[in-house]
Amino acid sequence: MKGKQTKSGFKTKEVISTSQPLQLLHMDLFGPINVMSLSKKRYVYVVVDDYSRFTWVFFLAHKEEAFDYFVKFSNRVENEKGLKISRIRSDHGREFENAKFDELCIEKGYKQEFSAPRTPQQNGVVERKNRTLQELARTMLHEFAVPKFLWAEAVNTACHVINRACIRSKLKKTPFELWVGRTPNISYFRVFGSKCFVLDESPKVTKFDAKSLTGIFVGYSNTSKAYRVYLPTSRVVIESINVKFNENANEKTEEGNSIVGIQDGATTQEIEFQPKDELPPVIIEEPLNRVDDNLIGGENHEENTIDTTQDETPHDEPQPMPQPVHEPLEVLREVSSHPLSNVIGDPREGVRTRSGLNQMVGHCAFVSQLEPKSFKEANVDPNWIVAMQEELNQFERNQVWELVSLPSGKQVIGTKWVYRNKLDELGNVIRNKARLVAQGFKQQEGIDFEETFAPVARLESIRMLLAYASNKGFTLFQMDVKSAFLNGWIDEEVYVQQPPGFVDHFNPNHVFKLHKALYGLKQAPRAWYGRLCTFLLDNGFIRGKMDTTLFTKKKDDHLLLVQIYVDDIIFGSTNATLAQEFSSLMSSEFEMSMMGELNFFLGLQIKQLQDGIFISQTKYAKELIKKFGVEDSKSLDTPMGKSANIDADEKGKPMDITLYRGIIGSLLYLTASRPDIMYAVCLCARYQANPKESHHKAVKRILRYVKGTQNLGLWYGKQTELDLVGYTDADFAGDRMDRKSTSGTCQFLGGSLVSWSSRKQTSVALSTAEAEYVAAGSCCTQLLWMMQTLRDYELEFQKVPILCDNTSAILISKNPVLHSRTKHIEIRHHFIRDHVEKGDVELVHVDTKEQIADIFTKPLPTQQHLELRFKLGMLELKD
């Protein structure tokens, strides 16, 4: 037996085990579908009556919604037939085998049956129905290359046809006849995806405009005697009875170019509906997600009854205003390759096969890997079409605008689509984001906007929060407000053009009047900050006195911290319950996305571990190396040679200024987590106005150093004390051109480096003591800002030590007499004396070998550079 045992066979049943409808219902789910439907659904919930084989389908965004749909469905069919459901049968999926279904079955008296594990044959009725629906829908979509995001329409039509055209074995009747009690009329059936023409009844049609709109037939209405037609020109689905069909069209086009071809001279056929009153076309996004009880079994609607349910929200939720659906119109010229600037990833990796891709991302939704440069390019990609549709759905949900005629004397602002791929910390594309932006450069101050300033969190604030969280041992979370600017109210009267590709067919000359801010408007950031700030203050939060993007809330001995950076929010608390309450609070007011533990923020890769937090920009560093072509170069141990002498090099060979500035800008962004290259980058940045070949060699060396230290980052470990310390140093007369000194400073919170700078002084120092004294003043200003900010964390500091290796500078800070050696120093540098006297800061001597700020003032030999880099808290984290 152990060597020969096989699965048991299943014989075909010779008798019908039920005698009337609702004695047994078969249920199953299939999905997820890799392309979302127009209402963002991915699963199909199928229910089959055992006796009649009558079928219903529901479309779900998540499997967990199956229970809610079944409750509504069961109440409706039991009321319709006057019978009770006896048994329900499904597999062991968690969407069916759960506490909610158990309670419902006990309450209603249903008997719940399950197929044996790994034996789908025992639920074969609905399993076979799933296959039939998928095969029919797939065939209909591909016959005329109908866009895949219309799959819900295809499944809806397939179910509609099966219920009326297939014969129930042994009973020799259709499911519709067994369920309703009369023979169905199928004379109104038409070919799915065929070209058709809808009478244009818009009041805007003039005498010599076309009287018909060209569309694609996609199904039957379930609320009236009408056909459903997709209009590629306006990208909407409408319902109308005034439709003429051309079912003889046999020209097919490749998906992504044109929708449906048609032969010249092909004949058309008019539908045979004969209503008493003609109805105007109704614009509908997708089939309604319900079945009208009067349509099933009604006396007057059997010829076009829809017995399937579609994408919807529940009855008691308001239906969102339907949005147009993109679809390409014209046949575009095909090219053999894309511009390299549009390609994401390494072209040398070769072709990825479907089988290989299935193993890697079988659990993920498919997204486009290319970023279109224009609407015309995006219009041929179903993924970007869905992304644009999702953006406009946000507008309707947030009630951003209303369509009106343009008042006389008012200026209209144009709109434009911007396309971006959202990446994770590893550089993988996780979402296609289409953003509709206003052309704010056309706004006039005083008419279209007033104030525009909105505060933004500094990187030092983010790092201080990370250091505090690491010290206190709590987890930080992040959330993103979806389309944040669309939540901000505006006071000005602003009108914008209709979105490209989504012009209202019946009101093409109308414009949108804005009630809320739109991306691209100059006042949009301020409007959003005002809305969010008001909401948080109304819910008991306190705004930071120094950092107005920091909000705190105290409960008992626990503190909740919220840091705002435009629409990105970091939050955490010493009490996990407070963090959960804040998450629920924000979700109740705004539509959120990307909620979870903090791991990727403003380009920083953040790993929260048991014993600390690691901050790096490994992904960005790799992109930088690839972008500027140093992948094959030899890596170096230091960013700048100890004997490097960089000056204006006026006689040197000129360098491409655009390329040089691009490298400098990219490296400056990398210094957000790489203080070890701060001095070298800032030194090279001084020559951006007229770069020479020698300067290019210097930045190339920095890139080669980055290549060898890609995984380097800042480590914020746990410390017993949360103390504040500053280091200051200066390189006297280090600039070879104007002999100005360079100040280098850094600040630690709880042993974690949170702030640093390398800056050339604005005046020439006459001595080393003067240069060090000026640098100490710069360090003091930063520490004072940090001390005031940390008061919102309920942290107080007195006599914060500033470690300096020059005793003369320390004595100057303590000497109130302006003698001849210091009277020429600008008064603004002497404010450090005042704060020393007040006890805010204290200059403390440190040995030159322990002066960490030395790395920010001059090039260092390899060994010293590595030692100071380690003291900064820079490590490589191994996976």
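**View 1. Arginine 53, a partly exposed residue.** With 21% relative accessibility, arginine 53 falls in the partly exposed class, the range between buried (under 20% relative accessible area) and exposed (over 50%), using a 1.4 Å probe and protein chains only. Its phi is positive, about 65°, though arginine 53 is not a glycine. Look for arginine 53 in the loop between strand 2 and strand 3 (55-60); strands are DSSP E runs of at least two residues and helices are H or I runs of at least four, numbered from the N terminus. This is a predicted model, so local features need pLDDT of at least 70 and side-chain atom pairs pLDDT 80 or more, while totals for chains, interfaces and linings use all residues. Residues are numbered from 1 along each chain as its sequence is written, and side-chain values use heavy atoms, without hydrogens or water.

**View 2. Lysine 799, an exposed residue.** Here relative accessibility is 51%, so lysine 799 counts as exposed. Lysine 799 also has a positive phi, near 50°, without being a glycine. The loop holding lysine 799 runs between helix 16 and strand 32 (800-804).

**View 3. The cis peptide bond between glycine 31 and proline 32.** Omega is about 0° at this bond. Proline 32 sits in the loop between strand 1 (24-30) and strand 2 (43-49).

**View 4. The largest nonpolar core, with 97 residues.** Such a core is a set of buried Ala, Val, Leu, Ile, Met, Phe, Trp, Tyr and Cys residues joined through side-chain atoms within 4.5 Å. Leu466 and Cys684 are among the residues with the most contacts inside it. Helix 16 (residues 768-790) gives the most, eleven residues.
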